[in-house]
Amino acid sequence: MLRIPCPYCGERTENEFSYGGEAHKVRPERPEEVSDAQWADYLFLQKNTKGTFYERWVHTYGCRRWFNVVRDTLTNEVHGSYKMGEEPPKVDEKTYV
Ligand SMILES: [Zn+2]
């Protein structure tokens with residue numbers, strides 16, 4: 001089971017958390033001015049990285065706070081976590097083919 005370090009509570013098991021998708025996804029400033037296709041891309045398309053990935057998690061059965069995690073999606077190794085608005089930890093980013 002994945003062990004996730006909540007930046008507020010410390011490391012806990014995966015079943016206390018809920019996945020929130022890709023981190024650092026920027027919402028269009030003026031949604032009324034983008035095309036339906038661009039809006040659909042924003043809402044439904046996410047990167048499908050095989051390697052280092054920045055993702056959002058919420059500590060559902062803990063502090064209930066959102067934060068970001070850096071995880072290798074191939075090995076499931078968690079490289080760290082950080083609060084919303086903070087800089088991500090420096091990691092040796094990997095992408096597998
Ligand atoms: Zn927490």
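## Zinc site and ring contacts

With a relative accessibility of 27%, Cys9 counts as partly exposed, whereas His59 is buried, at a relative accessible area of 1%. Both residues belong to the zinc site of this predicted model, where Cys6 and Cys63 are the other ligands.

- The zinc ion is coordinated through the SG atoms of Cys6, Cys9 and Cys63 and through ND1 of His59, at 2.1 to 2.4 Å.
- The arrangement is tetrahedral because the 4 donor atoms subtend angles of 104 to 119° around the zinc ion.
- Along the chain, the donors of the zinc ion follow the spacing C-x2-C-x49-H-x3-C.
- Cys9 sits in the loop between β1 (3–6) and β2 (10–13), and His59 in the loop between β4 (52–58) and β5 (66–72), so this pair ties together parts that are 50 residues apart in sequence.

**Aromatic pairs**
- The rings of Trp39 and Tyr42 form a tilted pair, because their centres are 5.3 Å apart and their planes stand at 35°.
- Trp39 and Tyr42 are 3 residues apart in helix α1 (residues 36–44), and therefore separated by about one helical turn.
- Trp39 is partly exposed, with a relative accessible area of 25%, and Tyr42 is likewise partly exposed, at 22%.

**Charges over rings**
- Lys25 lies over the face of Tyr42, at 5.6 Å from the ring centre.
- Arg65 lies over the face of Tyr8, at 4.2 Å from the ring centre.

Technical notes: Residues are numbered from 1 along each chain as its sequence is written. This is a predicted model: local features need pLDDT of at least 70, side-chain atom pairs count only at pLDDT 80 or more; totals for chains, interfaces and linings use all residues. Side-chain values use heavy atoms; hydrogens and water are left out. Donors are N, O and S atoms within 2.8 Å of the metal (3.2 Å for Na, K and Ca); water is not among the atoms, so sites may look incomplete. Four donors count as tetrahedral if all angles lie between 85 and 135 degrees; four count as square planar and six as octahedral if opposite donors are over 155 degrees apart and all others between 65 and 115; anything else is irregular. Helices (H or I, at least four residues) and strands (E, at least two) are DSSP runs, numbered from the N terminus. Buried means under 20% relative accessible area, exposed over 50%, partly exposed in between (1.4 Å probe, protein chains only). Rings of Phe, Tyr and Trp (its six-membered ring) pair if their centres lie within 6.5 Å; planes under 30 degrees apart count as stacked, over 60 as edge-to-face and the rest as tilted. A charge sits over a ring if NZ of Lys or CZ of Arg is within 6 Å of the ring centre and within 35 degrees of the ring normal.
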